[in-house]
Amino acid sequence: MNYIELELSLSSVDIYSDILQSDLCDIGFESFLDKKDGFFAYCQKEIFNQEDLDFLLNAFRENNPSVNVSYDIKEIEQQDWNMEWEKSYEAVLVDDFCYIRASFHPPIKNVEYNIEISPKMSFGTAHHPTTYQIIQLLRNEPLEGKDVMDMGTGTGVLAILCKLKGAMSVDAWDNDEWAYENAKENVMKNNVEVDVKLGDASGLSKSYDLFIANINRNILLQDMATYSKHLRIGGTLLLSGFYDNDVEILEKCANENNLHLVTHISKENWTALRFIKKQ
Ligand SMILES: C[S@@+](CC[C@H](N)C(=O)[O-])C[C@H]1O[C@@H](n2cnc3c(N)ncnc32)[C@H](O)[C@@H]1O
């Protein structure tokens, strides 16, 4: 499978990189690699649509006339992309709780969990504030004997952590085939029992004590009712993948689905929310 590499340069990176990356997710881009004046974004060749990209960038220019944005596109082989990623990949330490590393980083001591990830094309290395914050929230989540769903699992990092933390069963689903393969590989690397599947909310049949979804605003709004339906009373829903200014609309949608907001954390303008399902 070949990929489209979009190299995007901005006159002001600040929050604009995050805004564009979030918009690019909506048109099929799935991985991002920051550079000094912007970022690289990657999309499967079959999914890439030049008209969508033009539309998105024109809208961005209209809304942000003070920011210059230029781009370059090339087609690349998946293998080349993996090599680039792995060269620039750094391990991430989340507080003194969890260390997420690649095979070429040695594990560290004085941390509760070491997780080895082969990041490849999948989101979920904890470099991103959304993954990072869900890991922080998981630290205080009692998981012994609990059934967990990690929807939009990416590399599988959150699912792996849940199992290491003592969850009874962990399901990890993603609707992207490459993420699914990558999550399976990472589950094996970490020697844990996690049921990885290719799928989305439409395939849910079981109920869970903890439901995690770090996806994006629109999917979360669309699937919230289904997530809630498959969460036990008193169970926890952890959501991320959206900006601080999306909290209001997400909280409203959650309330309509019997979910009560109990924790709200934010990092670099990205938010993570913890809800409890009411009676
Ligand atoms: C932001 S990444 C999060 C990955 C990982 N859970 C983490 O926290 O780092 C979102 C993931 O959700 C997947 N995804 C997107 N839409 C989805 C949907 N409707 N159902 C399930 N997975 C979806 C993407 O393929 C991607 O791997």
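This is a predicted model: local features need pLDDT of at least 70, side-chain atom pairs count only at pLDDT 80 or more; totals for chains, interfaces and linings use all residues.
Colleague: What share of the contacts in the protein chain with a separation of 6 or more comes from residues 24 or more positions apart?

Modeller: A contact here means heavy atoms within 4.5 Å. Among contacts with a separation of 6 or more, those between residues 24 or more positions apart account for 64%.

Colleague: What percentage of the residues in the protein chain is buried?

Modeller: A residue counts as buried when its relative accessible area is under 20%. The protein chain as a whole exposes about 12900 Å², of which carbon and sulfur atoms supply 46%. Of the 279 residues, the buried ones make up 56%.

Colleague: How far apart are the centres of the positive and negative side chains?

Modeller: The protein chain has 25 positive and 46 negative side chains.

Colleague: Is Glu141 buried or exposed?

Modeller: Glu141 lies in the loop between α4 and β8. Beyond its neighbours up to four places away in sequence, Glu141 touches Lys165, Leu210, Thr236, Leu238 and Arg274. The relative accessible area of Glu141 is 5%, and the limit for a buried residue is under 20%, so Glu141 is buried.

Colleague: Which residue has a side chain joined to that of Glu141 by a polar contact of 3.3 Å?

Modeller: The residues that Glu141 touches include Leu238 and Thr236. The side-chain partner in the polar contact of 3.3 Å is Thr236.

Colleague: Which side chain makes a polar contact of 2.8 Å with that of Ser169?

Modeller: Ser169 lies in strand β9, which covers residues 169-174. Leaving aside residues up to four places away in sequence, Ser169 touches Lys146, Asp147, Val148, Lys163 and Lys206. Of these, the partner in the polar contact of 2.8 Å is Asp147.

Colleague: Does Asn191 count as buried or exposed?

Modeller: Asn191 is found in the loop between α6 and β10. Its phi is near 55°, a positive value in a residue other than glycine. With the limit for exposed residues set at over 50%, Asn191, at 70% relative accessibility, counts as exposed.

Colleague: What is the phi of Asn269?

Modeller: Asn269 lies in the loop between β13 and β14. Asn269 is partly exposed, with a relative accessible area of 29%. Although Asn269 is not a glycine, its phi is positive, at about 75°.

Colleague: Which residue has a side chain in a polar contact of 2.9 Å with that of Gln50?

Modeller: Gln50 is found in helix α2, residues 50-63, and counts as partly exposed at 33% relative accessibility. Apart from residues up to four places away in sequence, Gln50 touches Tyr71 and Ile73. The polar contact of 2.9 Å joins the side chain of Gln50 to that of Tyr71.

Conventions: Residues are numbered from 1 along each chain as its sequence is written. Side-chain values use heavy atoms; hydrogens and water are left out. Buried means under 20% relative accessible area, exposed over 50%, partly exposed in between (1.4 Å probe, protein chains only). Accessible areas come from the Shrake-Rupley method with a 1.4 Å probe; for residues, only the protein chains shown count as cover. Lys and Arg count as positive and Asp and Glu as negative; His and the chain ends are not counted. The place of a charge is taken as NZ of Lys, CZ of Arg, CG of Asp or CD of Glu. Helices (H or I, at least four residues) and strands (E, at least two) are DSSP runs, numbered from the N terminus. A polar contact is a pair of N or O atoms within 3.5 Å; within protein, one must be able to donate a hydrogen and the other to accept it, and residues adjacent in sequence count only if both atoms are side-chain atoms.
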